[in-house]
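Please look through the sequence and the model shown here, and then read the briefing that follows them.

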Amino acid sequence: MARPFLKIGLYRKRRKNTRQIRRAVIHIQASFNNTIVTVTDMRGEVISWSSAGTCGFKSRKKKTAFAAHTTARDAIRPVQGMQRAAVKLKGSGRGRDAALRVIQRSGIRVTCVRDISPMPHNGCRPPTKRRI
């Protein structure tokens, strides 16, 4: 017999136990369609992460600055005792500045902001000239 269908609101999310961390690296990946914020320790092990999709935004709303604001707030919630963080920005989406603003206002001292967006050195080979 099939399991009865339960409403989504009845499931509860379990909170992972939080670690006390002093310094961390916050990665913000802001594409044109989504924003992903990841908090790692200095060795690169992920502590918490969040994206606009996991915060409940759908389709076109995921690329807004408000979605990035909510995403960043959700990602840094488990590490509220953190004192210093380095921020690495990747991409050129709308949520880039909004996520950085949330981190600075949360009381975390930002030691450095580094842009690690991929830049082409010479780009792809252009298509050949059309011969008529």
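**Strands and their pairing**

Arg23 stands opposite Arg84 in strand 4, where strands (E, at least two residues) and helices (H or I, at least four) are DSSP runs numbered from the N terminus. This is a predicted model, in which local features need pLDDT of at least 70 and side-chain atom pairs count only at pLDDT 80 or more, while totals for chains, interfaces and linings use all residues. Residues are numbered from 1 along each chain as its sequence is written, and side-chain values use heavy atoms, with hydrogens and water left out.

- Strand 1 and strand 4 pair in the parallel sense over seven bridges, and two strands are said to pair if DSSP finds at least two bridges between them.
- Strand 4 also pairs in the parallel sense with strand 5 (residues 109-115), over six bridges, and Ala85 stands opposite Val110 in strand 5.

**The largest nonpolar core**

- A nonpolar core is a set of buried (under 20% relative accessible area, 1.4 Å probe, protein chains only) Ala, Val, Leu, Ile, Met, Phe, Trp, Tyr and Cys residues joined through side-chain atoms within 4.5 Å.
- The largest such core has 19 residues, and those touching the most other members are Ile26, Ile28, Val37, Val39, Ile76, Met82 and Val87.
- Strand 1 (23-30), strand 2 (35-40), helix 1 (65-76), strand 4 (84-90) and helix 2 (95-105) each supply at least two residues of this core, and helix 2 gives the largest share, four residues.
- Ile28 is in contact (heavy atoms within 4.5 Å) with residues including Val37, Val87, Leu100 and Ile103, when residues up to four places away in sequence are not counted.

Notes: Buried means under 20% relative accessible area, exposed over 50%, partly exposed in between (1.4 Å probe, protein chains only).
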